[in-house]
Amino acid sequence: MPDWLLAPTLLWMGVFFFAPLFLMLIISFASRGTYGGIEWTLSFANYRALADTLYLQIYFRSLVFATITTALCLLLGFPLAYHIARAPARWQGVWLILVMIPFWTNFLVRTYAWIFILRTEGLLNTVVMGLGLRQDPIEILYTDAAVLIGLVYGYLPFMVLPLYAAIERLDVSVVEAAWDLYASGWSVFWRVVLPLVKPGVIAGCLLVFIPSLGAFITPDLLGGARSMMVGNLIQHEYLVIRDWPFGSAVAFVLMGMVMLGVVGYLKLSGRKM
Amino acid sequence: MGGPIVELRDVVKAYGVTRAVDHLSLEIRQGEFFSILGPSGSGKTTLLRLLAGFERPDRGEVWIEGRLMQEVPPNLRPVNLVFQHYALFPHLTVFGNVAFGLEMRGVSRHEIVSRVAAALEMVRLTGKQERTPTQLSGGEQQRVALARALVNRPAVVLLDEPLGALDQQLRQEMQVELKGIQERVGLTFICVTHHQGEALTMSDRVAVMDQGRALQVGSPREVYDRPASTFVANFIGISNFLTGSVDSVHGARCTIRVPNLPEIVARHRGGIGEGGRVSLALRPERLHLSREADLNGFDNAVPARVAKAIYGGHEMQYQLRLSDDVLWTARVPNDGTVERRFALDETVFVRWNADEGAILVE
């Protein structure tokens, strides 16, 4: 393909991605004006302010949430992806559509639906108490658990699809060969299946980890006051407090964390960038 | 060679309504090279998968080394399968592939190293231990697959179309080599193939399979010279048939009356009576062509018209019309003599000995 076909994309990325990003970087060194504007100073004050325990806790909590979300998605997604990839061809399509159906509805609406399910008088408690399993309702909405449920729900398809693609390419006879060569089910999985679908696992984990680290709708709607994640902090700084310079600094530190995390993860899993 | 190491007793395996294996009973002896020969869809791969443990019989029993295999999963069976497309582990080196089975059984590192080295020497792959499967040629991959099975010294080595993915020349070399390896290691080999030449070259015994049944089991010579049915005869490469009725029987010889042809003299092996319908099967390379009508020491001489003459380098192949509904093929070695060349539409006499044909009772 001729190189000039890249030009529109590069132009688009340059104008609408790199330029704003660069602008944000500059803003992150500025300071907030009295009425919410930007005062063009050059200081590291915003970054220094981030070293506060309060903010470090938010970053840490975000990391923990994103890690747990990724792990849960992998645990839930792998059997599902395996099942789909090994189903007869005509069922694979049906299963994949079922996995993707949630995308047909707005994410905000779907997160609201979780409120109706999880709240005290919601679907979950109606069923649980109706069946007599519990006397008093489960108070789960506005807790960390609700945020995790929402995150896992939201990002599970991003785990399932790359896993499916990798498992579907896996040669069944290679798996059978391991079984034939005295490997138990467990050994077949660890020694043959997992190494061969590793690219799918890596892709799925990145696709879940990165957006869930910066998630803000889910913790905002399903989480309590103590469940704030970095995404909420950035939103808060930009839209509520109108401190764009500080918000930009928060966002850049997040970006740095993601990049370090991704590079480290790829190094650990033995892959070149 | 000893007693049976593998026994199938009245095994049935169906997929939906099709019976891939249909009331099959077989005994395979210790130390023999046993081939299962059949067209695709004859159930031979299913049979192999039943032995490896990937499939379970709907009915009947599979015994290996005197143990009933009904509930035994593949990883606990004393057999190893060489897969049709090798199924090498792409993420492991040649060493890793061959060592896999030993590692799974907890063999010591020291022993693994020496046994893998010995297995690779056996298949002439010494020095390629650190290669990955993608860095190997097709023939080399095939050898790794073989070494990966042999290194475990299983009671039975199962081979699924082992030479199917190789080119013609390599295939012929490997036939001889595979048989040599089997004789050296002294293990029982069960090989599935649709290639009759391969089965005849390598095997101690052959089973010809069709539609889930074993039609004939015997040595290559028995199957080749005395096919038990028209299907076996056809599959083993006989293209010439005559169908007629038995006119008379004298001892081991009989005469057969075929419409529009002279009476045929043939040797029979019992089971026929006067007036019974039989087929005579004859191999294309056992026919002798001549312009003379006399028997010249042969038992039969039947006139035919040359319908097609195909130059095949080392031999000439003629299609001969014996009558309106009988078309035969004859193969004549190309020895360079002019009197053995026949032209299109020429009338020739097809001569053969009574001993050559096989009588098949319809």
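A:Glu176 and B:Arg49 join their side chains in a salt bridge, with 2.7 Å from N to O; the term stands for a side-chain nitrogen of Lys or Arg within 4 Å of a carboxyl oxygen of Asp or Glu. Across the interface of chain B and chain A, the rule finds two salt bridges. This is a predicted model, in which local features need pLDDT of at least 70 and side-chain atom pairs count only at pLDDT 80 or more, while totals for chains, interfaces and linings use all residues. Residues are numbered from 1 along each chain as its sequence is written, chains are lettered from A in the order in which they are written, and side-chain values use heavy atoms, leaving out hydrogens and water.

Now for the rest of the interface. Chain B brings 24 residues into contact with 16 residues of chain A, where contact means heavy atoms within 4.5 Å. About 1,900 Å² is buried between the two chains, and carbon and sulfur atoms give 64% of that area. Buried area here is the accessible area (1.4 Å probe) that two parts lose on being put together, summed over both. On the chain B side, B:Asn75, B:His91 and B:Met104 lose the most area to chain A, together 29% of what that side buries.

Seven residue pairs between chain B and chain A are in polar contact, both residues being at pLDDT 80 or more. Such a contact is a pair of N or O atoms within 3.5 Å; within protein, one must be able to donate a hydrogen and the other to accept it, and residues adjacent in sequence count only if both atoms are side-chain atoms. Three elements of chain B, α1 (44-52), β6 (79-82) and α2 (94-104), each supply at least two residues of the side that touches chain A. The largest share, four residues, comes from α2(B). Helices (H or I, at least four residues) and strands (E, at least two) are DSSP runs, numbered from the N terminus.

| Salt bridge | N to O distance |
|---|---|
| A:Glu176 and B:Arg49 | 2.7 Å |
| B:Glu198 and B:Arg171 | 2.9 Å |

Over all chains, the structure holds 31 salt bridges. B:Glu198 sits in helix α6 (residues 196-202) of chain B and B:Arg171 in helix α5 (residues 168-185) of chain B, so this pair ties together parts that are 27 residues apart in sequence.

Finally, chain A itself: this chain has twelve helices and two strands. Its C-alpha atoms fill a box of roughly 70 × 65 × 35 Å, taken along the principal axes.
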